[in-house]
Amino acid sequence: MPEAHDAARTASPTDPGTPPRGPRHWPMWLAYGVMWSAAQLPWPLQRAIGPALGWLARMLIPARRRAARINIALCFPELDAAARERLLREHFRDVGIGLFEFARAWWGSAGPMRRTVRIEGLEHVQALQAQKRGVLFVSGHFMTLELCGRLMCDHIPLAGMYRRLRSPVLEWAVKRGRLRYACAMYSNDEIRPAMRHLKQGGFLWYAPDQDMRGKDTVFAPFFGVPAATITATHQFARLSGCAVIPFFHRREGADYVLRVGAPLADFPSTDATVDSARVNASIEAMVREAPSQYLWLHRRFKRRPAGIASPYKAARG
């Protein structure tokens, strides 16, 4: 894939690089055109279409539906079967709306959301900003992730960390869209410049609640279930001296609520596993406030401690 490699070489945390060209990319450019057009639809229409789109996704992707059902059962054993199925349906409804929120964040207008946003806890950021101390904002993969990140960028100069997309077209288009509001975007292989950004007093936002399959992981509880968790939060704080702040966001009716928590006290410790468990506990608290908006489609518990089978393989069996 020479074009993808060339684009990767010319891109930087503040520049998406050169868009890929050539006939083999035309189908993805067409798909991007459809997504861009969807992002321009009026917000009331997107809100009306979203639940139907979510229902369609629930019907068409049975493997992800099964993963979401297993995740909900593992994380909410106190719910009976009917309540878990209700949460599953509500989740796919929010997935449908969330697809429009993602597209609007990258390529559309955030005007309708700016009129209804509520932000809590900015005083924590302002105090650290006065100290010229870097801040690592820790969040979870909610359907409001991108849109609320864009809304937060109206108030503070926020950079983000992300995992590169496989499609060179979408990698360029999404990064270009994010750089409309973020001051920089660091991929997960740009650790050194991200660390430098924090050491210089910058603000960096990322979500460490997925199994990244990297070598720097530990098993830490998430809803009481051992989950492979990257230790990057511990490492960033240890090496840069930054503060770590939980950042929660959710859709509440027609409103968007963004809440910045107080910095985690006595963080980091000398134990990466203990710190990773604290981060997971913060994200778990966020999920409990808006469970249907969390990304249950991800196979969060795919990697297991030695001797414990994957719950997803057991379900297929």
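I start with a definition: patches are made of residues with over 30% relative accessible area and no salt bridge, like charges being joined within 9 Å and nonpolar side chains (Val, Leu, Ile, Met, Phe, Trp, Tyr) within 5 Å. A salt bridge is a side-chain nitrogen of Lys or Arg within 4 Å of a carboxyl oxygen of Asp or Glu. This is a predicted model, where local features need pLDDT of at least 70 and side-chain atom pairs count only at pLDDT 80 or more, while totals for chains, interfaces and linings use all residues. Residues are numbered from 1 along each chain as its sequence is written, and side-chain values use heavy atoms, without hydrogens and water.

**Patches.** I looked up a positive patch and found Arg64, Arg213, Lys302 and Lys313. Arg213 sits in the loop between β5 (203-206) and β6; strands are DSSP runs (E, at least two residues) and helices are too (H or I, at least four). Next I checked a nonpolar patch of about 770 Å² (Shrake-Rupley method, 1.4 Å probe). Helix α3 (residues 43-60) gives its largest share, seven residues.

**Helix α9.** I then turned to residues 168-178, where 10 of the 11 residues are buried, so α9 is largely enclosed by the rest of the structure. Trp172 and Leu170 are among the buried ones.

Finally, I followed β6 (residues 217-222), which runs antiparallel to β7 and is joined to it by six bridges; strands pair if DSSP finds at least two. Phe219 faces Ala228 in β7. Two residues separate the strands, and Phe223 in the turn has a positive phi of about 60 degrees. In β7 (residues 225-230), five of six residues are buried.

How values were computed: Buried < 20%, exposed > 50% of the residue type's maximum accessible area, 1.4 Å probe, protein only. Lys, Arg positive; Asp, Glu negative; His and termini not counted. Charge placed at Lys NZ, Arg CZ, Asp CG, Glu CD.
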